[in-house]
Amino acid sequence: MKADIRVALVGNPNTGKSTLFNTLTGLNQKIGNFPGVTVDKKTGYCQLADGRTAEIIDLPGTYSLYPKSQDESIVFSILADKANPLSPDLVVVIVDATNLKRNLLLYTQVADLKIPVIIALNMMDLAKKAGISIDVDLFAKKLGVPVVPISARKVEGIDKLRAAINFANKIALQEESIEVEAIAPDLIGQISKDLKLDNPYYALQLAHQHETIKFISAAESERIEELEHEFSFHSQKAQAAETIARYNFINDLLYDTVKIPETAKEQTLSNKIDKVLTHKIFGFIIFLAILLFMFQSIFSWSAYPMELIGDFFVWAQSNLHGILPAGPLTGLLVDGVLGGLSGVMVFIPQIAILFAFISILEDTGYMSRVTFMMDKLMRKVGLNGKSVVPLIGGFACAVPSIMSTRTIENWKDRMITIMVTPLITCSARLPIYVLLISLVVPNRNVWWLFNMQGLALTGMYIFSLISAITVAFVFKFIIKGRERGYFIMELPVYRMPRWNNVAYSMYERSKAFVFQAGKVIIAISVILWVLASYGPGERFRQIEQKYAQPQYKQNLKPEELTRAMNSEKLENSYAGMLGHAIEPAIKPLGFDWKIGIALITSFAAREVFVGTMATIYSVEGSAEKMESVQQKMKTAKNPETGQPVFSLAVAFSLMMFYAFAMQCASTVAVVYRETKNWKWPAIQFAYMTVLAYAASFIAYNLLK
Amino acid sequence: MTLSELKQGAIGIVKEFTDLEMSVKLMEMGCLPGEEVSVARIAPLGDPIAINVSGYQLSLRKFEASTIILQ
């Protein structure tokens, strides 16, 4: 779609910017990446009264044009760089009417870049309730820009805002806020002259940010550096002076336009809620209860839709096998591609539910309280208060959890969180644990109450949490921080969640996962399918010929014949050969080549383990019938010793392996997507494999 | 006296900062010299703290609060 004008939405976090974006654009939006960085770019379209179309870009929330994170640095790049393809014709600065002072800092910075600007005065309903009175006309007159009072949540004033966008000036008419040149007169003058700039504030911002921004040339950056030395420019001092000047301007502006009662009602209510929610004892109990509920829901609510998605793919696969002619192409399409696709789609319910919870917790303001409560504890192990949510989400699935680490501004804290999240027992490990525990742990109660199998499973969960924290502690000393860690964070007033936003967030995250991580997963699934379905030379044909012989055909039922044949084929496939090949390496862990095949095929997704076991032990029916896999595995004997293959030692060794090993292509893909550097998934894969091997080895030898 | 020593509920006025880098971030968030601050809450484990400033609540670590000198 081609737009007539481009409008950028800019504002502080927690000002209702995304609500306004959703209201303006409806479902008519798309999410991409800003070039070169992992920041989600949300754009949408909005029809104006005169028939023109406006393209709306939702820029990341920020308190100032001086960035503290990668997300925030986007804002300046888009607004200031006229050559940027996303450079806006108009900026709508959304400010929270209940907290004008701090919100206006960003406005004055944006205004000084001399881009046409409109102020959307949001949360007017709440401001009125709190007894804040704003003389909007005088306010607009003093600033020289259109000011539109709105309430994005209640969809009030949106038409007026749309009209204001429609009639917006093409040139910037706003009044000067501060005298920018006074901050560094010589430097600003010389940069403007040398780089041929006509905006003093742009020149000053370049002086501050020239080392990190990408849209000026190296020569220009060097020239600025020279000038900074020449005029002995001190970036932080200049920034401090600028901020003080801006707040002086804002105080003057608000003096006769805004009347605020002593304490806003909203704040006192929020304080009352906080007395309970961040209470020394109740605070943690409530947090634990919310986590348990969240964790339970992700499990139980996703079970049915996941089953449906699984069933749908089984149905589609068997139907397509019936319709399409048999052959390698059909096999590749139906078993390879569709199989891989089902592995991707099956995660959607968990991703959607986890993000529904996260967006509710964020929207209400509770998330920042969790961060507030947990920061001290998490800091001890090299994490951050904000790491709590991804770690807990990891119990469901590492993929959305790693996506949710973006809220962690500190680079080092975020990297450590990403590195350890996959150690948490995710739901894909559950079927493996259930299968193995039921094989070797007796199903009886100890001390009346506790079921031994349940205890073993709980133990695996607790073990994963301990290992994640330990590894985080180690990474704390290995990863070098790029910046000093800060914890200067707004505690927003408690608000009701906006259900629209919750729905958008579920939809967005699922879509991002399917399209971005999905490609890698399908590719790996196809490769694994080829490895498992083809063997070298004539072996497959020989197996088919062998089973075509009369003694097999007469003594075995057709299904049994196919099963026996498939099992033998798998053994002789490339995957089977790899299983045999790695047998010496995994023997110290107590694994034979059959388990080796399962380790290889479950590289893409852990849950494939059960399915592969089913094929190898040629189980009747589908992989879904776990009892039958169990039976076969239980009776499986080691041909050399005559002992059962799955002893206590082997089962626990396997569980240890799956507890640590990065057997999940989706996670690898999403770590790459979030870090934009293959180094991180590579390091993660390596350290997890090493730990897996060591843990298995120890477990096997202790229990043998 | 620094902000980290301020008792819960007590009110102080920001005078100056001991750490320039930190002061830039704090001032952006509306915590400027001359501004009234009060300690609203202390996290259950004793750190960080939440302060009222510029009409909203800001949370910061004790160490960060110790760089803010009060009048």
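**Figure legends: domains and a helix pair of chain A**

**View 1. Domain 1 and domain 3 of chain A.** Taken over C-alpha atoms, the centres of domain 1 of chain A and domain 3 of chain A are separated by 34 Å. The contact takes 6 residues from domain 1 of chain A and 4 residues from domain 3 of chain A, two residues being in contact if their C-beta atoms, placed from the backbone, lie within 7 Å. On the side of domain 1 of chain A that touches domain 3 of chain A there are 1 nonpolar, 3 polar and 2 charged residues, where Ala, Val, Leu, Ile, Met, Phe, Trp, Tyr, Cys and Pro count as nonpolar, Asp, Glu, Lys and Arg as charged, and the others, Gly among them, as polar. This is a predicted model, in which local features need pLDDT of at least 70, side-chain atom pairs count only at pLDDT 80 or more, and totals for chains, interfaces and linings use all residues. Residues are numbered from 1 along each chain as its sequence is written, while chains are lettered from A and ligands numbered from 1 in the order in which they are written.

**View 2. Helix 19 and helix 20 of chain A.** Helix 19 (residues 429–440) of chain A packs against helix 20 (residues 452–478) of chain A at an angle of about 140°, the axes lying 10 Å apart. The contact is made by Tyr433(A), Ile437(A) and Ser438(A) of helix 19 of chain A, together with Gln453(A), Ala456(A), Leu457(A) and Met460(A) of helix 20 of chain A. By class, this contact has 5 nonpolar, 2 polar and no charged residues.

How values were computed. Axes are lines fitted to C-alpha atoms, for helices over the stretch in contact, and angles run from 0 to 180 degrees between N-to-C directions. Helices (H or I, at least four residues) and strands (E, at least two) are DSSP runs, numbered from the N terminus. Domain bounds come from an automatic or database domain assignment.
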